[in-house]
Amino acid sequence: MRVLVTGGAGYIGSVITEELLKAGNFVVVYDSLEHGHIQAVSSQATFVCGHTSDRMRLAQTLAAHQIEAVIHMAAFIEVNKSVSDPDVYFQNNVSGSLSVIQAMHDAGVKKIVFSSTAALYGDPQKLPIQEQDLAAPTNPYGVTKLMTEEMLRWCADAFQFTATSLRYFNAAGASDLYGEMHEPETHLIPLALRAALQGKPFYIFGTDYPTRDGSAERDYIHVRDLAQAHIVALQRTDPGLKIYNVGVGRGSTIREVIASVERITGRTLQIIESPRRAGDQVATIADSRKIQAELGWKPAFPELDDIIESAWKWLMNHPNGYAR
Ligand SMILES: NC(=O)c1ccc[n+]([C@@H]2O[C@H](COP(=O)([O-])OP(=O)(O)OC[C@H]3O[C@@H](n4cnc5c(N)ncnc54)[C@H](O)[C@@H]3O)[C@@H](O)[C@H]2O)c1
């Protein structure tokens, strides 16, 4: 298939592009490089440096490369920043997504897979979380994803798009070639591994949550398994929007992540226990039975140690990230 990946120079996009290429697809990466890395784009992909707001450029790129499907990942992803600068997030994530939808309509492309998030569930009323559970995001980042899903729902019906929204839980791990390097980094596993590598303190925010050890609990999904979820979603042909959770269905607490990091790295973390941060969820665990039953996806690397080991291997090979 001929696929365009917006945000393909970012963490998850680089691994998706790698897996798409391995499976024999033709890939165009479309990224502004505002947060991505050109070194994270495979030389086998065609790279276009562009912004999602540039509808005309996007439509021309789709037409010029006879693109059949779009994987739309380009977005700003920092929850705290979305609270301080919500306008920037609505502009980039919502307006940008509308522009992608319009460019697809202009160019006659009818298939899209969208990167959504578990953050749109807010504080879940029960665990594990199912797709039909209440979506009540507690920050603008989550709202931008929910708004985009709503735009997709209506536009998919009106334009006969096959639209798939994948609600990722916590992406983690690395492939042999590409790994996680956000600046600033806000995600737990790369932060813990960097602390282990550099001998710096590691902060646990909240030790009095109602979980088995008092620290917050998350469902970590290997980035390669996430990539495979996109590949199976591209096989859908029926028009309309479908929404799927993508997680392993099991939670790990922060203390369990730390224990795994210490096992894998052979180093002891210097832990500083701090109060809860406002807005942090207690626990998020995915019920992913829908994507397993309907699209045949299943995680190949569900074990936390395997996920952390892949991330550690990548960090050891890239101690300065994608150094320019
Ligand atoms: N990392 C996670 O655990 C996680 C969880 C849930 C959802 N997601 C979603 O997955 C997607 C990718 O996340 P990531 O961790 O790889 O982030 P990332 O920041 O590493 O990658 C995002 C990429 O999009 C590009 N980009 C941003 N806005 C753009 C725009 N308007 N036009 C063109 N390019 C633009 C950036 O330059 C970057 O390369 C995002 O949509 C994010 O919301 C990520």
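Asp-208 and Arg-276 form a salt bridge, with the closest N and O atoms 2.9 Å apart. By salt bridge I mean a side-chain nitrogen of Lys or Arg within 4 Å of a carboxyl oxygen of Asp or Glu. Asp-208 sits in the loop between β8 (202–205) and β9 (217–218), and Arg-276 in the loop between β13 (271–274) and α9 (289–295), so the pair ties together parts 68 residues apart in sequence. Strands (E, at least two residues) and helices (H or I, at least four) are DSSP runs, numbered from the N terminus.

A word on the source: this is a predicted model, where local features need pLDDT of at least 70 and side-chain atom pairs count only at pLDDT 80 or more, while totals for chains, interfaces and linings use all residues. Residues are numbered from 1 along each chain as its sequence is written, and side-chain values use heavy atoms, leaving out hydrogens and water.

Are these two residues buried or exposed? Asp-208 is exposed, at 52% relative accessible area, and Arg-276 is partly exposed, at 43%. The cut-offs are under 20% for buried, over 50% for exposed, and partly exposed in between (1.4 Å probe, protein chains only).

Next, Glu-294 and Lys-242 meet in a salt bridge of 3.7 Å, N to O. Glu-294 belongs to helix α9 and Lys-242 to strand β11 (residues 240–246), so this pair joins parts 52 residues apart in sequence. Glu-294 is partly exposed at 43%, and Lys-242 is partly exposed at 28%.

Last, Lys-313 pairs with Asp-176 at 3.6 Å. Both are exposed. The structure holds 20 salt bridges.
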